[in-house]
Amino acid sequence: MLLSVDHVTRYRYDTPARSVVQSHRLTPSRFDGQRLLDWEVSVSGGLAGGAFRDGAGDWVQGWSVPGPVSEISVTVRGRLETTDLSGVLRGHREAVPPECYLRSTTPTQADQALADLAAQCVTASGGLETAHRLSAAVADAIVYRPGTTHAHTTAAESLAGGEGVCQDHAHAVLAMARHLGMPARYVSGYLHASEDGTLHEAAHAWAEVWVAGLGWVGFDPANRCCPDERYIRLGSGLDAQDAAPIRGIARGPGVESMDVTVAVQSVQQ
Amino acid sequence: MTSCFNEMYLQGAVRPPYARLEGWTRAMPAELRQMKQAEAEALFRRIGITFAVYGEGGDPDRLIPFDMFPRVFSHAEWTRLERGIKQRAQALNAFLVDVYGRGEIVRAGRIPARLVYQNAAYEKSVVGFVPPKGVYSHIVGVDLVRTGPDEFFVLEDNCRTPSGVSYMLENREIMMRMFPDLFRENRILPIDSYSERLRRTLASVAPAKCDREPTVVILTPGHFNSAYYEHSFLADLMGVELVEGQDLFVEGEYVYMRTTEGPRRVDVIYRRLDDAYLDPLCFRPDSMLGVAGLMDVYRSGGVSICSAPGAGVADDKAVYTYVPEMIRFYLGEEPILNNVPTWQCGRDDECRYVLEHLAELVVKEVHGSGGYGMLVGPKSSAAEVEMFRARIKANPGNYIAQPTLALSTTPTFVADGIAPRHVDLRPYCLVGESIDLVPGGLTRVALTDGSLVVNSSQGGGVKDTWVLAE
């Protein structure tokens, strides 16, 4: 599928910031399911900093914006060709050992309820089937409902509340998989969700679970599927914060406000 | 403890390195000694060297007690220690480059993957990165204890930011000022080149993008940090700037320091700040002590950070057990210095042994430091032992245990004369383009009779440490 992305994030500071520094993971991963045609990230008034591919295979690019800064926009525009690999991250070069993704973080700590739910998913038919069951169990237990959780909601809290968004779904899968000793990580990216006409969660997140023999396999409880050609993978981490496509800090006393527009469209060849 | 090895006396005779000290003490009556001790204290006060004690309240600028009786090594003793320390520093760095690279030692089954990759100190964000000259730990503090004339053991390694070197330098300075005669009578190898050697080591690991004489800075968490004195002391001696996070900023591909003459590019940061606080964009987002964007500059070769982020995985107390294995694996040599036999409570059979012999053992937390969270079995009450038993059972992987070693003693001035007190030794090995070690280190002494805990945070003192010329 040929997809185009148009993603603009605008930051405004009510008192001009002395400077802004950001670290981006905004370039699609290189693997057999994604082929980049053209891609450009720009920051208004920004100086491109150091760039490198990190051990997890993500392209990281630093930016700085010398002050005073009242407003900046981060613009991502590009096109890529995607292929459905049934969620398998084939051909992705990375150096971080899967065991690193067994470590739990604050939002991915398994409480008793998550541990119990995870235990119910264990099956003798192997890791892949267990992972599918984890994803399905999360989809059943946490109803997709925007506005019910916030950026710092933990997996345990969203499970207890029974509602959440893709971030909560992914955190819950990570907590449960790691509890069972399966390495799992958070993936941030985009989703082309045209089928039902809605564009909700075009900036999307899902989970990857390490399955022996297959490697990393993606699971998206929010849409009850494995990532296919509608998904664009940007980067991964131990949780949402660790995998954030944009991390930044503004120096100054001002209050920051942000608005985001994302459009992921299928392009006719 | 009469069975302990006294470094000055062997079977009633004075051991050769201490030969000239016997006369020195005999010629020093109690009044003179007290006067000298007061003088030493005044000198320490004047230069301002203090060491805040965590968790004890009271005066944060408490003086660390200084004992005037030096601790002495012969040249031959030191030569062996030096080889052993350098060997260890080399192996630890080879390990770090390996586990952030291909992980050969794990693949070869010589160390469990879990201990390395699930370690809290293993830093995923630097995987695949080889720092300049392949060095992660630029200052390796190897804590050594002695139990006999030829028996030395490594108690632990400090690969991040070992502190205390300012005491090593100041102890010598003060001894030379107070007892110049001693330094004429004994041929003692100098250590005052340490700061220049440290500066050279740091400059030797300037990043690839640095095309000029590198600018080195020391990054401190600030004046409330217990080792702040040492940070400013070392900056002074090396002639480099002492900066806090707010003095540095990232612009484009580099890190700059604010100066009165405008921004100045920084090439090497000797940080005395934990990984977690270095960069809010990469580690703790609430850190006010670090520099936003620093890790992106570091990873893209714009600045060097000493010690390199992630170095802590090599000095974890559970990983420590495997250092002899690292020496064999990377260097193809046998370890010159031995480890203290260590039981991992994370292993069922070893944990059982530990729980059965708790009252005889020393138990430590895997990530503990400074003598906190530690049980010295033979010196503890039954209630304390039971408290530790419960803690170990609740989280066995968090503890290791070692036999209670009969640490050597050296003569020490005490209230009513001279008495043996237990000591350890921390030399500071510098690793850059080459491996370098000044002859000596910091001797810490447990001032309380019979105590085995030498940590300055637990009321230990320090001594000047001599290495005699050949």
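**Rings and interface**

Guide: Start with two residues of chain A: Trp206(A) and Tyr231(A) are both buried. Keep in mind that this is a predicted model.

Visitor: What makes Trp206(A) and Tyr231(A) an edge-to-face pair?

Guide: Their ring centres lie 5.0 Å apart, and the cut-off for a pair is 6.5 Å. The planes stand at 90°, and over 60 counts as edge-to-face, so the label holds.

Visitor: Why is the pair said to tie parts of chain A together?

Guide: Trp206(A) sits in strand β8 and Tyr231(A) in strand β10, so the link joins parts 25 residues apart in sequence.

Visitor: Why is the pair Trp343(B) and Tyr353(B) called stacked?

Guide: The angle between the planes is 25°, and under 30 degrees counts as stacked. The centres are 4.8 Å apart, within 6.5 Å, so the rings do pair.

Visitor: Why does Tyr353(B) count as partly exposed?

Guide: Its relative accessibility is 30%. Buried needs under 20% and exposed over 50%, so Tyr353(B) falls in between.

Visitor: Now the interface. How do you know that Lys124(B) and Asp242(A) meet in a salt bridge?

Guide: The N to O distance is 2.9 Å, and the limit is 4 Å, so the pair qualifies. The count between chain A and chain B is one salt bridge.

Visitor: Which element gives the most to the side of chain A that touches chain B?

Guide: β3(A), with seven residues. That side divides into 15 nonpolar, 11 polar and seven charged residues.

Notes: Residues are numbered from 1 along each chain as its sequence is written. Chains are lettered from A and ligands numbered from 1 in the order in which they are written. This is a predicted model: local features need pLDDT of at least 70, side-chain atom pairs count only at pLDDT 80 or more; totals for chains, interfaces and linings use all residues. Side-chain values use heavy atoms; hydrogens and water are left out. A salt bridge is a side-chain nitrogen of Lys or Arg within 4 Å of a carboxyl oxygen of Asp or Glu. Helices (H or I, at least four residues) and strands (E, at least two) are DSSP runs, numbered from the N terminus. Ala, Val, Leu, Ile, Met, Phe, Trp, Tyr, Cys and Pro count as nonpolar, Asp, Glu, Lys and Arg as charged, and the others, Gly among them, as polar. Rings of Phe, Tyr and Trp (its six-membered ring) pair if their centres lie within 6.5 Å; planes under 30 degrees apart count as stacked, over 60 as edge-to-face and the rest as tilted. Buried means under 20% relative accessible area, exposed over 50%, partly exposed in between (1.4 Å probe, protein chains only).
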